[in-house]
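Please look over the sequence and the model below. A short report comes after them.

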Amino acid sequence: MSRERVAKSAEELRRSAIDVAWRQWCAVGSLPSIAGEARASALVDPEALILLSLALRDDERRLWDVLTWWAGTGVRLLSVQRIKKLAREYPPAVQERLAEFAWYAVQSGDKRWRSLAGTGEAEPRGPEPRPEKWFGEGPELIEPAALLLRLRAGFGVGAKADLLGFLLGVDGAWCSIRLISAGTYYTPRALSTAAEDMARARLVHASGNKPVEFRVNAKPWSDLLEVARVAHWRYWQPLYAFLMNTLAWVDSDEFQGGTDYLVSSKARDLVIGHRAAFTRNGIDVPRPEDFKGEAYLTGFAGTLRTTARWLRRSV
Amino acid sequence: MRKPTADLEAPLKALGDLLAGQGRRFAIVVVGGAALNLLGLVKRTTVDVDVLALADPDSAEPGTDLVPARQLPRELAASAARVARDYGLDPEWLNCKVAEHGSVSFPEGMATRLHWRAYGGLMVGLVDRRDLVCYKLHAAADRDAASVHCQDLLALRPSDEELERAAEWARAQDPSPGFAKVLAEVLERVKRESG
C-alpha cells in the first residue's frame with residue numbers, strides 16, 4: 001500500500017517536473033506558453049534544464065523538439081565543461097542522451113561539443129526531430145528568468161557571468177565562495193579569481209572579513225538590465241538530480257520487485273544522498289531518521305508530494 | 001513460552017532481505033539476550049545481537065562446522081550497518097563481542113541443538129536453552145551476581161542438574177580461583193531465588 005503511494009506521488013512529481021521544464025523553456029526561449037500556464041519566473045539554470053529535459057524526453061516528446069531546436073540556435077550560450085560536470089549526477093540514460101544532444105550541437109557548428117558527441121559513423125542521434133516543431137531563429141532572452149543566459153550572452157560563458165547571476169538572484173545577500181560554488185558548480189578557485197576581478201572592477205562588493213564574502217546591490221543592476229525585478233536563484237541542479245534519479249528508480253525493476261524494506265532503504269539513500277536539494281532550496285520534507293525501517297515509505301511519499309508542490313509554486 | 005519480541009525480528013528480516021537482494025547468504029549463531037528473546041524465553045528489550053559463531057549457510061546441517069565469530073564478514077557487516085541506519089540502531093547492534101577476544105568453546109552437543117531460522121539471505125541459529133544456561137552462568141560469574149546475566153539466568157529457571165552441568169563447563173573455561181569464588185556465589189543465589 002505504501003509503495004503504491006510512493007508510485008502515485010512519483011507520478012505527481014513527474015508531472016510537476018514536466019511542467020517546470022516546459023515553463024522554463026517558455027521563459028528562456030520566449031516560446032508560446034501552454035494555455036493558462038505562467039512562464040517560469042525564477043532564474044533558469046540552462047545546463048540543468050537541458051539535463052532535466054533529456055531525462056524527461058520519453059515522457060514529453062516536445063521536450064526533444066525544443067532541445068534539438070536549442071542545439072541549433074542557443075547552444076553557444078551553454079558551458080560544455082559545466083554540463084559534463086552536472087551530468088555525472090544524473091542516471092546513466094541521461095548521459096547517453098547528452099551525447100545525442102551534443103551531436104546536434106556539433107552539426108550546428110559548435111565544435112566544443114565534439115568531446116561529448118562521440119566519434120565515427122555510429123554517433124547516437126536520438127529520435128528524429130519533427131521539422132514542423134521549429135521555435136524560431138533563436139532565444140530572445142526577454143524574460144527575467146533568462147537572466148543567466150543574458151549575462152552569458154553579454155559577458156561570455158564562464159564563471160563571471162554565472163557568479164553575477166547567482167549574486168543577483170539572492171537578494172543582495174553576502175555569499176561565500178563555497179556557497180556560490182554549491183549553486184553554480186564552478187570550482188572555488190575559478191570563482192575566487194572571478195569574484196576578486198569583479199570586486200576590483202567594482203561590479204560586486206567584497207566583505208572585509210575572512211573568508212571573504214561577496215554581494216551585489218540588485219537595484220542598480222535591475223535598472224541597467226531594464227527589468228522590474230531580478231529573478232530569484234533556485235538550486236535547480238541538486239533538485240533535478242534528485243528528481244531524475246528517483247523517477248528512474250521508480251521505473252526500474254528494483255522498485256517493482258524489491259521488498260518494502262529494500263525499497264524504503266533505497267528511498268533513504270536517495271534523500272540522504274541528495275539532501276542538498278532540500279536544504280538549499282528550503283524544502284521542508286520528512287526526515288528519514290524519524291521513521292523506522294519500511295515505515296519510511298510513508299515519509300518518502302510525503303517527500304515526493306511536498307517536492308512536487310514546491311516545484312509548481314517555485315518555478 | 002512468550003512470543004518473540006518484534007524489536008529484533010524486523011531488523012533481522014531487513015538484514016536478510018538486503019543479503020538476499022545482493023545474492024549473498026550467511027549463517028550466524030546467536031547467543032545472549034537476543035537468543036533469549038527470539039526463543040521467547042525472556043522478554044527484554046534488546047537489539048544487541050551477539051554473534052557467537054559463523055556457519056555454512058548452504059550446508060544441509062549448518063551447525064556441523066561452526067567457526068567462532070572473531071569478526072563479521074565484510075558484506076555482512078556492511079549490510080548490518082545499513083540496517084542500523086534504517087532502524088536507528090546502535091551501529092554495532094550485530095556484533096562479535098562474545099568471540100572477538102580470547103578463546104571460545106561450545107558446550108558439548110550445542111551444534112545439534114541449535115534452533116535455525118531463515119530470514120531471507122540470513123540463517124540464524126539460536127543457542128538452545130540448555131546451552132544458554134551455560135553461557136549465562138559463565139557471563140554472570142565473569143561479572144558479578146547482580147548483573148543482568150544473573151537476571152537472565154533466573155528467568156531461564158534452570159534445574160539443579162542443568163546448573164551443575166553449566167558450572168562444570170564454566171569452570172573449564174576459566175579455572176582461576178577468583179572465577180570459582182564468584183561462580184559459587186552466583187550458583188548459590190540462583191538456587192536460592194529459584195527455589
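## Model and numbering

This is a predicted model, in which local features need pLDDT of at least 70 and side-chain atom pairs count only at pLDDT 80 or more, while totals for chains, interfaces and linings use all residues. Residues are numbered from 1 along each chain as its sequence is written, and chains are lettered from A and ligands numbered from 1 in the order in which they are written.

## Confidence

The score pLDDT is the predictor's confidence in each residue, from 0 to 100. Chain B has a mean pLDDT of 90. In that chain, 94% of the residues reach 70 or more. Helices (H or I, at least four residues) and strands (E, at least two) are DSSP runs, numbered from the N terminus. Within chain B, helix α3 (residues 74–87) has the highest confidence, at a mean of 98. Helix α4 (residues 97–100) of chain B has the lowest, at 83.

Where pLDDT is low, the predicted coordinates should not be read in detail. For the complex, the predictor gives an ipTM of 0.84 and a pTM of 0.89.

## Where the chains touch

Two residues are in contact if their C-beta atoms, placed from the backbone, lie within 7 Å. Ten residues from chain A and nine residues from chain B take part in the contact. The side of chain A that touches chain B has two nonpolar, five polar and three charged residues. Here Ala, Val, Leu, Ile, Met, Phe, Trp, Tyr, Cys and Pro count as nonpolar, Asp, Glu, Lys and Arg as charged, and the others, Gly among them, as polar.

## Chain A overall

Chain A has 16 helices and three strands. Its C-alpha atoms fill a box of roughly 60 × 50 × 40 Å, taken along the principal axes. The radius of gyration, taken over C-alpha atoms, is compared with a globule rule of 2.2 Å times the number of residues to the power 0.38. For 315 residues, a compact globule would have a value near 20 Å, and chain A agrees at 20 Å.

A residue is buried if 20 or more other C-beta atoms, placed from the backbone, lie within 10 Å of its own, exposed if 12 or fewer, and partly exposed in between. In chain A, 46% of the 315 residues count as buried. Among contacts in chain A with a separation of 6 or more, 70% join residues 24 or more positions apart.

## Strand β2 of chain B

Strand β2 (residues 49–55) of chain B is largely enclosed by the rest of the structure, because seven of its seven residues are buried. Two strands pair if DSSP finds at least two bridges between them. Strand β1 (residues 26–31) of chain B pairs with β2(B) in the antiparallel sense over five bridges. There, V29(B) has A53(B) as its bridge partner.

Strand β3 (residues 67–68) of chain B runs antiparallel to β2(B), with two bridges. L54(B) stands opposite V67(B) in this pair. Strand β4 (residues 94–95) of chain B runs parallel to β2(B), also with two bridges. V49(B) is partnered by L94(B).

## Backbone details

The peptide bond from K210(A) to P211(A) is cis, with omega near -5°. P211(A) sits in the loop between β2 (205–206) and β3 (213–215) of chain A.

Two residues other than glycine have a positive phi: R202(A), near 60°, and R157(B), about 50°. R202(A) lies in the loop between α10 (188–200) and β2 of chain A. R202(A) is exposed, with 8 other C-beta atoms within 10 Å. R157(B) lies in the loop between α7 (148–155) and α8 (160–173) of chain B. R157(B) is exposed, with 12 other C-beta atoms within 10 Å.
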